[in-house]
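This report goes through the secondary structure elements, their packing and a few side-chain pairs. The structure is shown first.

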Amino acid sequence: MGTLLVIDDDPHIRELVSELLVGAGFAVGSAPDGRVALRMLGESQVDLCVVDVMMPHVDGIGFAQAVRRYYPELPLLMLTAKGQLGDKVRGFEAGADDYLVKPFDGPELVARVKALLRRYRKVVEQTAHAGNVTLDNTSHVVTVGDDDRRELPLKEFELLFLLASHKGRTLTRRQILDEVWGVGFEGNERTLDVHINRLRDRFGEADAFAIVTVRGLGYRLEDRP
């Protein structure tokens with residue numbers, strides 16, 4: 001169903017939230033603060049974060065700001081013991097998608113998580129952006145700028161769409177092969193490198209994105225400044 005990350009400096013809250021989400025069928029990791037969580041995001045794929053506001057080192061607000069800078073399509077649900085309007089506004093301005101005040105009802109937490117995942121996945125399934133390039137997953141049409149429409153071979157489109165949908169995240173070679181070529185793909189992994197090089201040849205610096213090789217791991221798509 002998805003991999004979630006629970007971020008809270010209170011181990012009892014981490015355990016409670018994790019148990020609720022595991023019981024709902026999710027794979028769940030946890031972190032004691034935003035600094036550790038940001039490192040974990042760089043090491044593995046996460047589909048949604050449940051994050052507390054008040055934490056040491058990097059708090060929930062700082063974490064949300066960093067996520068929106070580096071992982072713009074990662075949904076965030078904020079948990080906090082503070083219910084004042086000002087705290088909610090700060091959370092939303094920092095990039096939170098939803099807000100739940102402690103103590104919370106377990107079924108409501110699970111329902112909000114599922115709703116956020118549905119909302120983000122619906123958007124991601126339809127369009128993705130890489131620099132000034134827009135990819136439409138319904139028509140498989142690529143538009144550069146306002147009106148330069150291009151068509152890509154199917155596997156190249158699917159590969160670019162996958163990387164653009166996870167912009168800023170490093171995807172392992174295995175993750176990419178499973179998503180684009182199917183789980184259990186037994187062909188030569190060089191196939192992936194060939195398709196990456198073709199995409200790099202098709203799109204240059206003017207297209208405002210780069211596909212970065214992460215040595216020994218995989219690839220990451222980044223927008224150029």
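## Helix 6 over the strands

Helix 6 lies across strand 6, strand 7 and strand 8, and runs at about 80° to strand 6. Contact here means heavy atoms within 4.5 Å. Axes are lines fitted to C-alpha atoms, for helices over the stretch in contact, and angles run from 0 to 180 degrees between N-to-C directions. Helices (H or I, at least four residues) and strands (E, at least two) are DSSP runs, numbered from the N terminus.

The model is predicted: local features need pLDDT of at least 70, side-chain atom pairs count only at pLDDT 80 or more, and totals for chains, interfaces and linings use all residues. Residues are numbered from 1 along each chain as its sequence is written, and side-chain values use heavy atoms, with hydrogens and water left out.

Four strands form an open sheet in the order 6-7-8-9, with antiparallel pairing. Strand 6 (127–130) and strand 9 (148–151) are at the edges with a single partner strand each, so one side of each has no neighbour in the sheet. From one strand to the next, the twist averages 25°.

Two strands pair if DSSP finds at least two bridges between them. Strand 7 (residues 133–136) and strand 8 (residues 141–144) have four bridges and pair in the antiparallel sense. L135 has V142 of strand 8 as its bridge partner.

## Helix 6 against helix 8

Helix 6 (residues 154–165) packs on helix 8 (residues 190–202) at an angle of about 85°, and the axes are 10 Å apart. The two helices are therefore roughly perpendicular to each other; on this scale, angles under 35 degrees count as roughly parallel, over 145 as roughly antiparallel, 65 to 115 as roughly perpendicular and the rest as oblique. Helix 6 contributes K155, E156, L159, L160 and L163 to the contact, and helix 8 contributes L192, H195, I196, R198, L199 and R202. By class, the contact has six nonpolar, one polar and four charged residues. Ala, Val, Leu, Ile, Met, Phe, Trp, Tyr, Cys and Pro count as nonpolar, Asp, Glu, Lys and Arg as charged, and the others, Gly among them, as polar.

## Aromatic pairs

A pair of aromatic rings is described by the distance of the centres and the angle of the planes. Rings of Phe, Tyr and Trp (its six-membered ring) pair if their centres lie within 6.5 Å; planes under 30 degrees apart count as stacked, over 60 as edge-to-face and the rest as tilted. By this rule there are three aromatic pairs. One of them is stacked, because the rings of F157 and F161 have centres 5.8 Å apart and planes at 20°. F157 and F161 are four residues apart in helix 6 and so are separated by about one helical turn. F157, at 0% relative accessibility, counts as buried, as does F161 at 9%. Buried means under 20% relative accessible area, exposed over 50% and partly exposed in between (1.4 Å probe, protein chains only).

F203 and F209 form a tilted aromatic pair, 5.5 Å centre to centre with 50° between the planes. F203 counts as buried at 6% relative accessibility, and F209 is buried with a relative accessible area of 4%.

## Strands 10 to 12

Three strands form an open sheet in the order 10-12-11, with antiparallel pairing. Strand 10 (171–172) and strand 11 (209–214) are the edge strands, each pairing on one side only. Six bridges link strand 11 to strand 12 (residues 218–223) in the antiparallel sense, with A210 opposite E222 of strand 12. Helix 8 lies across strand 11 and strand 12, running at about 150° to strand 11.

Strand 1 (residues 3–7) is mostly covered, with four of its five residues buried. Strand 1 pairs with strand 2 (residues 27–31) in the parallel sense over five bridges, and I7 has A31 as its bridge partner in strand 2. Strand 1 is also joined to strand 3 by four bridges, again running parallel; L4 stands opposite L48 in strand 3.

In a regular strand the side chains alternate between the two faces of the sheet. Strand 3 (residues 48–52) is covered on both faces, with L48, V50 and D52 buried on one side and C49 and V51 buried on the other. Strand 3 and strand 4 (residues 76–80) run parallel and are joined by four bridges, and C49 stands opposite L76 in strand 4. V101 lies in strand 5 (residues 98–101) and is partly exposed, with a relative accessible area of 27%. The C-alpha atoms of V101 and D52 are separated by 9.8 Å, and the two residues are 49 residues apart along the chain.
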